[in-house]
Amino acid sequence: MALHLNLNHEIERDKLAKARDPLKLGMMAIGGVAAMFAVYYIWQQTVMHSISTDYEQAKVGYEKVEKAAEAAEKSTAELTQAVMLSEAFVKRIEGRFYWASLLDQVTKLAQPDIQITRLSGEVQPDASRRCTINIEGVSAGADPRKTAEGLRKSLEDEFSKQFKTASVTFRSLEDGTASVLVGGVSQPTALYQITVQLGMGEDAAPKVAPRRAKGT
Amino acid sequence: MKLGKDQIQKMVLSALLLAFLVYAYFAVLLGPLMTQQEAVKKKTLELTPKIEAADKLIKQSAANKIRSVGAQDVIKQLNATIPEGAPVAWFPPRVAEFYKARNVDKVTTRLVGMTPDKNLLGYVQSGWSLEFPKVEFVPFGKALAEFENAELLVEITNFAIEINRDDVESQHVTMTLNSIVRK
């Protein structure tokens with residue numbers, strides 16, 4: 001058997017020791033970990049950049065809409081005020097009481113044997129919009145009181161159709177002292193005063209149903 | 001394999017360096033970055049409802065604008081019927097001219113007072129007293145109807161018509177009316 005002598009064993013041992021140096025291996029491991037950390041950090045920076053871009057875009061968008069929203073808010077307030085003003089105008093105009101129309105109706109209902117000497121009225125400015133009208137005059141005929149009652153009834157019938165509530169009552173009805181000529185015939189007269197109350201407003205009192213006579 | 005003292009020292013040193021690296025990475029680099037990310041995400045999320053609310057407001061305003069076109073037209077038309085200046089300077093001549101054009105010559109118009117109207121901001125109600133000493137019923141009735149239809153801002157609140165004592169063929173008329181005028 002041949003004797004083999006390794007004269008370089010010291011050199012090889014040193015080489016091996018150098019290759020297995022814990023510090024060197026540790027540095028390599030730390031370098032690996034640091035590289036992984038760096039890659040993850042760079043990726044997170046990219047994510048951060050993306051998030052920041054989104055935020056910047058949202059911020060710019062919000063600044064834009066914020067100005068528009070402020071203008072819109074102001075405009076909405078003005079428009080709302082305009083709508084309310086317009087509604088108030090329209091309500092006022094549509095809720096007016098037309099006196100010419102009333103005069104026309106009363107004139108048409110007054111028969112030739114009825115004379116109206118005075119007509120006056122007032123509309124309440126509050127929400128009830130109640131209108132009170134006083135009609136004074138002279139009625140003539142074989143039964144002048146009946147003639148005046150005819151006028152009252154026809155006024156009531158006419159206004160009941162037109163207004164929410166209508167009440168037509170005599171304030172006074174007295175025999176007149178003078179006689180008048182109607183169709184060439186002298187007839188007695190009666191002096192009447194009629195009060196008309198008309199309800200036009202939303203909160204006008206409801207119509208009172210006529211009472212039923214007992215036993216009917 | 002037995003580790004020498006020198007090797008153990010090197011291993012401990014490597015472990016210490018690694019620990020320091022991990023600590024420094026999380027404490028100095030990644031930690032603040034993640035905190036910053038969370039903060040920015042939160043801010044972005046906070047902006048979203050604000051943008052939605054602003055968008056909603058803008059849409060509402062646009063819808064209101066369309067709806068209010070009619071209302072603004074009404075106000076414009078009514079404003080056009082109210083002349084500039086003190087009402088006492090233009091209202092009585094306007095009434096006189098209106099009735100004169102319809103053969104009702106004599107009318108006296110007096111200012112009774114001005115009252116604010118809480119429903120009509122920027123406007124006031126001017127109260128007027130009108131007196132027609134001598135009118136013929138039918139022409140006057142027609143003129144009154146036209147007046148009520150033409151003067152949309154006028155409302156007659158009191159009205160009285162009676163036979164003239166000295167001339168039973170004519171009537172005496174008094175009325176009180178409110179007219180809307182600018183403040």
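A search of the whole structure, a predicted model, finds 2 cavities of 30 Å³ or more. A cavity is a set of points on a 1 Å grid over the protein atoms alone where a 1.4 Å probe fits but cannot get out, and lining residues have an atom within 4 Å of a point. Local features need pLDDT of at least 70 and side-chain atom pairs count only at pLDDT 80 or more, whereas totals for chains, interfaces and linings use all residues; side-chain values use heavy atoms, without hydrogens and water. Residues are numbered from 1 along each chain as its sequence is written, with chains lettered from A and ligands numbered from 1 in the order in which they are written.

The largest cavity holds about 80 Å³ of space, a volume being the space filled by probe spheres set on the points, which are joined across faces, edges and corners. Its lining includes W90(B), F91(B), R94(B) and E151(B). Helix 2 (87-100) and strand 4 (171-182) of chain B each give two or more residues to this lining, and helix 2 of chain B gives the most, with 3 residues. Helices (H or I, at least four residues) and strands (E, at least two) are DSSP runs numbered from the N terminus.

In the second largest cavity lies about 40 Å³ of space. R96(A) and F97(A) line this cavity together with F147(B), E148(B), E151(B), V154(B), E155(B) and I156(B). Strand 3 of chain B supplies the largest share, 3 residues. The lining divides into 4 nonpolar, no polar and 4 charged residues (nonpolar: Ala, Val, Leu, Ile, Met, Phe, Trp, Tyr, Cys and Pro; charged: Asp, Glu, Lys and Arg; polar: the others, Gly among them).

The second largest pocket (an open set with protein on both sides within 12 Å along at least five of seven lines) contains about 460 Å³ of space. Of its 18 lining residues, Q115(A), I116(A), F137(B), I163(B) and Q171(B) lie nearest the centre. Strand 1 of chain A gives the most to this lining, with 6 residues. By class, 10 lining residues are nonpolar, 5 polar and 3 charged.

Helix 3 of chain A packs against helix 4 (residues 144-162) of chain A at an angle of about 140 degrees, the axes being 10 Å apart. Axes are lines fitted to C-alpha atoms, for helices over the stretch in contact, and angles run from 0 to 180 degrees between N-to-C directions. The two helices are therefore oblique to each other (under 35 degrees counts as roughly parallel, over 145 as roughly antiparallel, 65 to 115 as roughly perpendicular and the rest as oblique).
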